[in-house]
Amino acid sequence: MKNFPAIIWSKNRLDQIDDLYLSGNYYFYSESNIIQNGNWSILGFQGNGTLNGKFIKSNAELFEQILPALDSGAPINTFSGSFRGAGIAYLKNNSSDTLYALPDILGEAILYHYSTSGIEILTGDLQVIEKLTTRLHLPLTKSIDYSLELAVSSNGGFTHSSYIEVSSLDMLQYAMVSRSGINIEYYEGSEEFFNSPISNEELLDLAANEIQENVRAAASNRSLHKIAHLTGGFDSRLVLAAAKAQGVVNQFSFFCKGDPVQEDTKIAQSAASKVGAVMTVNNGTPSDYQISDYGGALLSSMLVSSGILPIGPSAGHQESDVTLLSGGYGETFRSFYGTRIGQLNGRKLSGEHFGSTIWGSYLFSPDGKGLFASDFITNYASRIDAELDKGRGLGIAEEDLPDFLYLQIRNRYFVGFITTNWNRYINRFDPLYSPSGVKLAFKLGLQERIDNLIGFELMKKMCEPLLSVPFDSKKFGESVTNKHGYTQPVSYNHVRPKFDDSVSSMPLPIDSGVLTVPRATQDDVQYAKKINSRASQVAGRAHARDAVSQVIRVLSRNELAKIFNLEEIDMLVKRPANTRVRIRTLYALLSSFLWLSDKKDSSKILCTPPKS
């Protein structure tokens, strides 16, 4: 598992990490060698992406593509304006002795900022912060606010980190480090990012070119396996369209998770057949073993992600020479939160209105009649208000603010973080990462975003025949019908595509002993269908409830009252959870509490078990 680079700034000399000393007030952690070229040095690089049409995943590859900009003295603008993907570049201006941490412009790779008296750390890797603070005997406190955000919204971000001492930079921002300390700056051009002077037609062409260039660059990357996700949905099919348009569809094998008899799988296979794509049973994320008990699997993912997200890589996954394309970032061309908030009609959007509309009264009730106490919800709403004000400061119209929140928060702390976290093991990349597509989305009206007008026009431009294969649900609205006369097909002939010679892997199951839940019975399956929940969660809800109640019992009633509505939390842990939202909340609390209460026994989840 890779660890990513980090800049450490300190007022005083730090003997504990003297092996990381760089110069002046600076220390630098990296697993790669520093590359120096005249006035500039490439200190390190995290993640992967495209730059100048080339796939970048290392210091050396970054240096090769950014060299002209280093020579001209403009590497910051070159990186922010041309790099696409989840990546952070670390540069040093040797003449001014200034360091720069440059995240990708949309902030897919989150840059964290640890700060305590006299010492600051910049990195895209919370595991590195954990290791450095341990070596330096510095405080690092798990954030209950972040963990409970996961229970409310399935992602964090309004609380910027899973640790109290750690904040994060926003999208469009980078960090400049001098001997006097760290300054956070906006990239050049940020003031017009959401109000682009470029015409809609040109932005659409630029977006199509960016996506196709992304796919073409990924196809050229030297990798043992090149795999792309493909489902019955829209976004992964748009990646397929770009691959077909660029003539590189044969460079990838396409993977669809699910049973071959499921409709989603059949639709994906028919789309692949339409363009002659080859499919695979290789999911692109190999592992030596797999935590088999439900609680252990949740905790394992939380430990690998440092408490940010309970999904993604976990114990047993291994570094592999795989390039994996996903359909992430397609949602940035549409409306995610705006669909539910709707037209504001001149009203100002508040954090309270946003939260109660998006997550409902059980999870977000300002009067404290839901699951959480009113003080907790009030503080949560104030954090949402702070993000809304950032959007207003960037010139975003009020009715577009919900989709700004998606871009700034959920897209980074869920979609982007999943990709970033997988980049510890493989080269995962979201080729729909298109700044021009985002700019275009914010020039359109809310209804056009809701109707997925950009997505339709991109697919039509890149591979129109793929629009003749149905999707797993309705993907376009009236804006598309009125402008293009398109009606989504409802019937099709299932055509099974060719498959490569991969075989399904069967990782060794390991029971960590954290929490085992029973297998779903037929009654569980039927009840899960009735309430639109997961059968496995229905089957294990009593066990999950018992595990959560054990943690709850450790806390005093006064402590609980600061966070929860006592009547509701008592009901949740004493009675069977019988609705979708209560069952989902129970498991979300379980993953958060497992991580919050985990101490020194985490090694049994993270380490490779001894071979028999």
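A: Two strands count as paired if DSSP finds at least two bridges between them. Strand β15 (residues 225-229) and strand β16 (residues 253-255) are joined by three bridges and run parallel. The model is a predicted one. Within this pair, His 229 stands opposite Phe 255 in β16.

Strands of a sheet pair through backbone hydrogen bonds, and the pairing is either parallel or antiparallel. The β15 and β16 pair belongs to an open sheet of five strands with parallel pairing, in the order β17-β16-β15-β19-β20. At the edges stand β17 (278-280) and β20 (427-429); each has a single partner strand, so one side of each is left without a neighbour in the sheet. On average, neighbouring strands of this sheet are turned by 30° against each other, direction ignored.

Helix α5 packs on this sheet and touches β15, β19 (322-325) and β20. The direction of α5 makes about 150° with that of β15. Helix α5 covers residues 200-220, which is 21 residues. From its first C-alpha to its last, α5 reaches 30 Å, close to the 30 Å expected at 1.5 Å a residue. Buried residues of α5 include Leu 203, Leu 204, Ala 207, Ala 208, Ile 211 and Val 215. An α-helix has 3.6 residues a turn, so residues three or four places apart point the same way.

Six strands form an open sheet in the order β4-β5-β8-β9-β13-β14, and the pairing is antiparallel. Its edge strands are β4 (35-37) and β14, each of which pairs on one side only. Neighbouring strands here are turned by 20° against each other on average, direction ignored.

The pairs can be followed along the sheet. Strand β8 (residues 87-93) is joined to β9 by six bridges, and the two run antiparallel. Here Leu 91 stands opposite Tyr 100 in β9. Strand β9 (residues 98-103) then pairs with strand β13 (residues 173-178) over three bridges, again in the antiparallel sense. In that pair, Leu 99 has Val 177 of β13 as its bridge partner. Next, β13 pairs with strand β14 (residues 181-186) over six bridges, in the antiparallel sense. Met 176 stands opposite Asn 183 in β14. With two residues between them, β13 and β14 form a hairpin. In a regular strand the side chains alternate between the two faces of the sheet.

Helix α2 (residues 75-82) lies across β5, β8, β9 and β13, running at about 5° to β9.

A search of the whole structure finds three cavities of 30 Å³ or more. The largest cavity has a volume of about 60 Å³. Its lining includes Phe 4, Tyr 112, Asp 125, Phe 417 and Arg 424. Helix α12 (residues 401-422) supplies the largest share of that lining, three residues.

Notes
Residues numbered from 1 in each chain as written. Predicted model: local features only at pLDDT ≥ 70, side-chain atom pairs only at ≥ 80, totals over all residues. Heavy atoms only, no water. Helix = DSSP H or I, 4+ residues; strand = E, 2+ residues; numbered from the N terminus. Expected span 1.5 Å × (residues − 1). Buried < 20%, exposed > 50% of the residue type's maximum accessible area, 1.4 Å probe, protein only. Axes fitted to C-alpha atoms, helices over the stretch in contact; angles between N-to-C directions. Contact = heavy atoms within 4.5 Å. 1 Å grid on protein atoms, 1.4 Å probe; cavity = no way out; pocket = protein on both sides within 12 Å on 5 of 7 lines; lining within 4 Å. Points joined across faces, edges and corners; volume = space filled by probe spheres on them.
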